[in-house]
Amino acid sequence: MIDDPVLLNDWYIVAAARDLVEGEMLTARLWDKELVLWRHQDAVMAWKDYCIHRGAKLSPGRIKDGTVICPYHGWRYDATGRCSLIPAHPDTQPPPKARAVAYRAVESDGFIWASLGDPQHQPPRFPEFPDDGYRKVLAGPYNYHGNPFRTVENFLDVAHFPFVHANINGDPDDPEPIGDYEVFKDEAGIRTGPIPRFQPFGDHRGIPVTAYYQYNCPRPLSAYFEKDTGEGNRFCTFMAVTPLDIDDCILWVQIAINYGFDLPEPQILKRQDAVYNQDKPIIESQRPHPMPLDLKAELHVRSDKYCVAYRRWLKELGVTWGVSQ
């Protein structure tokens with residue numbers, strides 16, 4: 001278990017909600033914990049993938065009548081985690097210790113979220129998710145063998161657009177200067193004012209646009225941007241990182257657009273995959289893996305204003321895992 005109360009008592013995506021079907025189990029990982037996920041009626045469960053009897057994984061078992069049946073000796077666990085039946089001794093009440101290790105879990109905005117701790121807040125929201133005026137599309141997930149915080153910082157950074165996403169999000173032969181922009185910090189996190197960027201392949205229509213980005217980072221490993229591309233068109237992205245190790249993470253992405261409803265989903269996903277797969281080798285190349293919060297450890301320039309604010313905010317929050325002070 002990690003020794004970082006800020007991160008431990010937070011929420012992380014462990015599955016897309018559409019993939020968790022009642023009557024079936026999914027496996028997931030959060031840090032070094034192997035999880036088994038399942039749903040029953042209106043509840044979602046995230047348990048340690050472990051039977052207390054002989055240590056077998058529960059995930060190869062099956063679900064019957066709202067219980068998980070261990071594949072080894074058939075012990076049954078109900079939705080509360082309590083063992084309700086030991087088949088070898090059907091007339092004996094299972095002891096109180098006969099329980100699954102259950103973690104907090106909730107379904108929100110198209111994802112299954114879990115926490116190994118005790119969050120005092122709900123998972124971060126995707127503002128456009130409940131709005132029927134937006135088309136929602138899940139992309140990924142993407143496994144980056146890089147630092148989770150550097151992964152978020154990359155998402156918040158516009159200066160890499162012309163080079164990592166050449167001729168998609170910028171022109172490498174004529175990179176656009178980055179002017180001053182505003183950064184705000186309050187109890188809801190850190191966010192920016194509009195940041196204009198010319199993009200040759202600005203969205204899934206494949207047309208050039210001048211986009212105005214506004215970012216919001218509500219939690220250490222979750223972020224969001226809204227991108228105004230003119231004529232009332234908005235392209236919004238919610239991103240969350242599930243930490244596996246200081247050099248390993250899962251990147252979850254969901255977009256919402258209020259235009260292009262006739263575009264085939266594969267066309268939308270093709271551009272998303274291209275962009276996030278271009279980021280992957282860069283993030284995996286970054287060293288050191290613990291992201292430095294000491295601003296003297298790496299060189300920063302004016303265009304890094306928001307990323308610098310992100311590092312300062314992590315330090316103020318008291319984050320210690322996955323970073324160096």
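Colleague: Which residues of α5 does helix α2 meet?
Modeller: In this predicted model, the side of α2 that takes part is made up of F149, R150, V152 and E153. Across from these α2 residues, the contact divides into five nonpolar, no polar and three charged residues when both helices are taken together. The partners in α5 are C307, Y310, R311 and L314.

Colleague: At what angle do α2 and α5 pack?
Modeller: Helix α5 covers residues 305-317, and its axis lies 10 Å from that of α2. The crossing of α2 past α5 is right-handed. The packing angle of the two helices is about 145 degrees.

Colleague: How many of the residues of α2 are buried?
Modeller: Helix α2 spans residues 148-155 and is mostly covered.

Colleague: Which backbone nitrogen does a side-chain oxygen of N147 reach at the start of α2?
Modeller: The oxygen belongs to the side chain of N147, and the distance to the nitrogen is within 2.9 Å. The backbone nitrogen is that of F149.

Colleague: Turning to the open sheet of four strands, which strands stand at its edges, and why is one side of each left without a neighbour?
Modeller: The strand order is β5-β6-β7-β8, with antiparallel pairing. Each edge strand has a single partner strand, so one of its sides has no neighbour in the sheet. These edge strands are β5 (62-64) and β8 (83-85).

Notes
Residues are numbered from 1 along each chain as its sequence is written. This is a predicted model: local features need pLDDT of at least 70, side-chain atom pairs count only at pLDDT 80 or more; totals for chains, interfaces and linings use all residues. Side-chain values use heavy atoms; hydrogens and water are left out. Two strands pair if DSSP finds at least two bridges between them. Buried means under 20% relative accessible area, exposed over 50%, partly exposed in between (1.4 Å probe, protein chains only). A polar contact is a pair of N or O atoms within 3.5 Å; within protein, one must be able to donate a hydrogen and the other to accept it, and residues adjacent in sequence count only if both atoms are side-chain atoms. Axes are lines fitted to C-alpha atoms, for helices over the stretch in contact, and angles run from 0 to 180 degrees between N-to-C directions. A crossing is left-handed if the near helix is turned anticlockwise from the far one by less than a right angle, and right-handed if clockwise. Contact means heavy atoms within 4.5 Å. Ala, Val, Leu, Ile, Met, Phe, Trp, Tyr, Cys and Pro count as nonpolar, Asp, Glu, Lys and Arg as charged, and the others, Gly among them, as polar.
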